Amino acid sequence: MGLISLPTEILTHIFSNLTWKDILRLNSTCKTIHDLCSSTPLQYHTLLAIAGYDNGPSNHLMPVSQRLDLLKKLEYSFNYASFSHKERIEFPGRFIPSYDLQGGVFVQGRHGTGTLYKTFGVNAYKLPSPLDIQNSGNSISWKLPDLERPSQDLSLDASQDLLVLVEGDGQIDAPVMLHFISLTTGKGHPFSAGSYLVPSQNTTRAASSFLFNIMGPFVGLLWGHLKYIVCNWKTGKTHVEISTSFRDPIDSSFFLDQERFALIRGRRNPVEIEIYKFITHEDSPQNTACTAIYHLPINGLYRMRGVYCRSDPSPMIGTMGSNAAYSVKPFTPRLEDRAIVIDIMLHTDDSSPDTYLVVVRGETLMNVPEGAKTENGIYIIASELWMHQTYSESTTLRDNWACFVYGSRFIKISRVENGKAGDDEEYEEYSQKMEVTIIDINPRLVAWAEAKGCSTTPYAEGCHGPFNRTISRPVSPTGKAILGQARSKLSVIATRFTAEDLKVQNIGRFVAMLDGERFIALYMHGSYYMDVYSM
């Protein structure tokens, strides 16, 4: 009995377990298999893999045919930076003390008189989405109740209806509290064990600097570059508590998955990325172990600016249900395909600092390469063993107030020209036009573009998009701050966003953001508003 004589349902099940490369090869064998590979279920399976996505919750109401259509439209929009819909959202006031974007929801802090850097309330905006049938795809906004105590910073996870607030007055050794409230009501989250008191830092400076991330039930908080904790916001349990000294601070931190996180040690020589594994079982005592250390080929005598890693929405799709108040996409980025963007500014003896950008995929930090040595049970990965799996260039994200990453994509802003400002007498600035580039480190898209040309994508057969898309080769930085002969070898897809109205008077007051459905331009000069571009 030949393969093609099997029932279509059985063949579809067999082929759905193949890799996307195998399906593309089978597609050219004969007409019968070609027709099968072109069927909706296998197309969806193949294009998900190429995009670096996992299929969403099994209880999602959207049928496979609509999922495939949505995937094609979204990927086409980002592949060509071609968005057909634009909506402007204006903000009250003249200052945004804190803000965040996650899962299609933008939150903005409200500040009180004379307290610009403290948040006394939160305004929330659900951005336009074709998935939001109830509101006809339009944006909606609401104002959460005033906070009982001011907040220093905030973050959110819309898929869990979660808003996290950091309470602390910035004083030395003052207590710091994490509050977990409902993004919808502004009251305590019904699944939370209550507010969390962060263990005392016992330091003499840098008390008010915070960086935190959310991964499912876990919140990671880096406080003053000297203490890192991971707590479970649902149970109140502390899973990780790491303290360090001023001589060996933690520059940044991020989750790899729900059992691993990374700490950046920028003062070491060479700079190190430490990978830790922590025990998440509620009946287990606190237990954290460093499992691997990746060396960056950068001399630790030079200061590193930071590292950025975001995932939106929260990728724990198998462990949490969707919230009816917010649109939930039927697919989400694979943790292994996330872009981890390391923006490095090194102060040298010269007047101008050396600046570098290194981008690594999550998969690289999850799998120890062959040839790594071990010391005391910890893998030590020299830079030459893993830097070839990165993209780099001699530039920086210094023009970005924040680096927003979604899956394998991130945004870079560059100044391209200056001119005299308009009639705004309050600000004597210069009008600056910017070039906003969406960069994708997805190796499957790069391979497709190299084989078939940058003007095509697997999401629009026979369609050629605008020629604002190029393959960018890595440019390995050189100089006395770079150690050894480690060289980047990954290429990326760089797509310029060319909206004619994308200009501001002060580039320092402009933020470009993206999530899974849209590109957002946030303007904070004179008047405050954001333009939301979507498919």
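## A walk through the model

Searching the whole structure turns up 0 disulfides, a disulfide being a pair of cysteine sulfur atoms within 2.5 Å. Keep in mind that this is a predicted model, where local features need pLDDT of at least 70, side-chain atom pairs count only at pLDDT 80 or more, and totals for chains, interfaces and linings use all residues. Residues are numbered from 1 along each chain as its sequence is written, and side-chain values use heavy atoms, with hydrogens and water left out.

Select C231: its relative accessibility is 0%, so it counts as buried (buried is under 20% relative accessible area, exposed over 50%, partly exposed in between, with a 1.4 Å probe and protein chains only). Now pick C290, which counts as buried because its relative accessibility is 19%.

**The largest nonpolar core.** Next, select F106, L127, M513, F519, L522 and M530; of the 48 residues in this core, these touch the most other members. A nonpolar core here is a set of buried Ala, Val, Leu, Ile, Met, Phe, Trp, Tyr and Cys residues joined through side-chain atoms within 4.5 Å. Elements that each supply at least two of its residues include α4 (40-51), α5 (64-79), β32 (510-514) and β34 (527-534). Helices (H or I, at least four residues) and strands (E, at least two) are DSSP runs, numbered from the N terminus.

**Where α4 meets α5.** Zoom in on this helix pair. The axes of α4 and α5 come within 9 Å and cross at roughly 35 degrees; axes are lines fitted to C-alpha atoms, for helices over the stretch in contact, with angles from 0 to 180 degrees between N-to-C directions. Show side chains for the contact (heavy atoms within 4.5 Å): the α4 residues include Y44, L47 and L48, and those of α5 include L68, L71 and K72.

Most residues other than glycine have a negative phi, and most peptide bonds are trans. Go to the loop between β16 (260-265) and β17 (272-278) for P270. A cis peptide bond joins N269 to P270, with omega about 5 degrees.

Then jump to H225, in the loop between β12 (218-223) and β13 (227-232). The phi of H225 is positive, near 65 degrees, and H225 is partly exposed, with a relative accessible area of 32%.

Last stop: N376, between β23 (373-375) and β24 (378-381). Phi of N376 is near 55 degrees, also a positive value, and N376 is exposed, with 80% relative accessible area.
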